[in-house]
Amino acid sequence: MTTKPEQVDNSLQNNEQQAFVGVFDLFKIGIGPSSSHSVGPMRAAEMFLAALASSGLLETVGRVEIDLYGSLALTGIGHATDIAILMGLQGEVPDQIDPETVASKLEQIRSEKELNLAGRRTIPFDEKKDLLFQRKTFLEGHPNALRFRAFASRESEEPLASETYYSIGGGFVVKEGDEGKGIACPMSAVPFPFTSAAELLKMAEEQGCTVSQIALENEKAFRSETDIREGIQKIWAVMQACVDRGCRNEGILPGGLNVRRRAPSLYQTLSTRPEENLRDPLNILDWVDLYAIAVNEENAAGGRVVTAPTNGAAGIIPAVLCYFDRFCPESAPEKIEQFLLTAAAIGALYKKNASISGAEVGCQGEVGVACSMAAGALTEVRGGSPRQVEEAAEIGMEHNLGLTCDPIKGLVQVPCIERNAMGAVKAINACRLALRGDGSHFVSLDRVIRVMKRTGADMSSRYKETSRGGLAVNISEC
């Protein structure tokens, strides 16, 4: 069905309201450049292969055809959607694939014109005929849609199986028809179910605890505390490794814009002239810029990153967390866990009540949400009350309302990389503003989330990850 990209199936939203969204949902280990356009489609391919295997059809497949719709079709090449799908059909998964092997595997597929489905069955594959970009069609469920069809042979007209999936942001994938079905981790299973910031604040005040403690108790409904803490520390380790790689890896980012990596030279400048920090305290912000840029340059190059909560905004939370870890006296390993738990609680509010998809609500759903999450989390670990946490998160989004997603050439480079640096600095300032007050403020976080959702609905599709407006169509002026 063809429809306007602004329309979204309400069953997706209703299902998310009932589901628990935790730290391991919002922070996923994967590869760049996009959570919705590469991580999600790779996961969708994995799901399709699993469906074929469970129905006993995998061994009879002779051809696979994939149709991309909406934003996936319009910016899929720049976001490496095609590459992610090919890797996924060969059995690769986002958190385990080695980014260094992607180029050689892709070259083999294209030169031999064959796919090895799930590593079990080799079939012919003609990318021009079998991977189709339906750029004029948006499906009703979500702007990011893709359909897989499996046939017995190249001559077959009737498919053995056909499934449609929606990549709804942050690496989350929903199969068409499953929107209202049972939820693996229902909100009803946790001790502190909340769907609004008001409910979260009330619970924290009644329990006399922090936002991160509420989040931790909810996580314990599904896994042990040891597993939770080890999992969070693994996420933090991947974030730090991404920053380190970004500071070392030089060269030109792929895609044709010829954007040169800036993080290595910025790192060298800051490292060789540390005395400048004594003259200008704001040089600390140069380090924050560096951390964010390093991560997003790695993301743009297809490196290993953590969705936070998306790949397009993956640099903000690591940058703010590195700032806290390296420049703030309160830093400690347990504080890292509190930071990410608090950030996840805030991110869940956006996931349930609005969106974290740039194709659905623009970049306010990516950079805006990440800024809000980072601002609230930093406020907690720096000693802020739950009300100050809520205020900081609100400030972080209020001043990102209406932020468009208009990547040049569909690449997650311009303006995305610098936008992460700006978002990280804005999050730190939001925290500082909140800590200077008592948590009383005019606009609530719940209200700003509602406004953000409505703003996204009102926003023209040209500014929602379609590369049809804004900077994307004014390259000569950039």
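**Pocket and sheet**

Analyst: Happy to! The lining of the second largest pocket draws at least three residues from each of domain 1 (37-167) and domain 2 (187-463), with domain bounds coming from an automatic or database domain assignment. This is a predicted model, where local features need pLDDT of at least 70, side-chain atom pairs count only at pLDDT 80 or more, and totals for chains, interfaces and linings use all residues. Residues are numbered from 1 along each chain as its sequence is written, and side-chain values use heavy atoms, without hydrogens and water.

User: What makes residues part of the lining of the second largest pocket?

Analyst: On a 1 Å grid over the protein atoms alone, a pocket is an open set of points with protein on both sides within 12 Å along at least five of seven lines, and lining residues have an atom within 4 Å of a point. Here 30 residues line the pocket, and Gly 32 and Pro 254 are among those nearest its centre.

User: Which element gives the most to that lining?

Analyst: That is α6, with 3 residues. Helices (H or I, at least four residues) and strands (E, at least two) are DSSP runs, numbered from the N terminus.

User: Why are β5 and β8 called edge strands?

Analyst: Two strands pair if DSSP finds at least two bridges between them. The open sheet has the order β5-β2-β6-β7-β8, and β5 (131-134) and β8 (172-175) each pair on one side only, so they are the edge strands.

User: How do you know that β6 and β7 pair?

Analyst: 6 bridges join these antiparallel strands, and pairing takes at least two, so β6 and β7 pair.

Technical notes. 1 Å grid on protein atoms, 1.4 Å probe; cavity = no way out; pocket = protein on both sides within 12 Å on 5 of 7 lines; lining within 4 Å.
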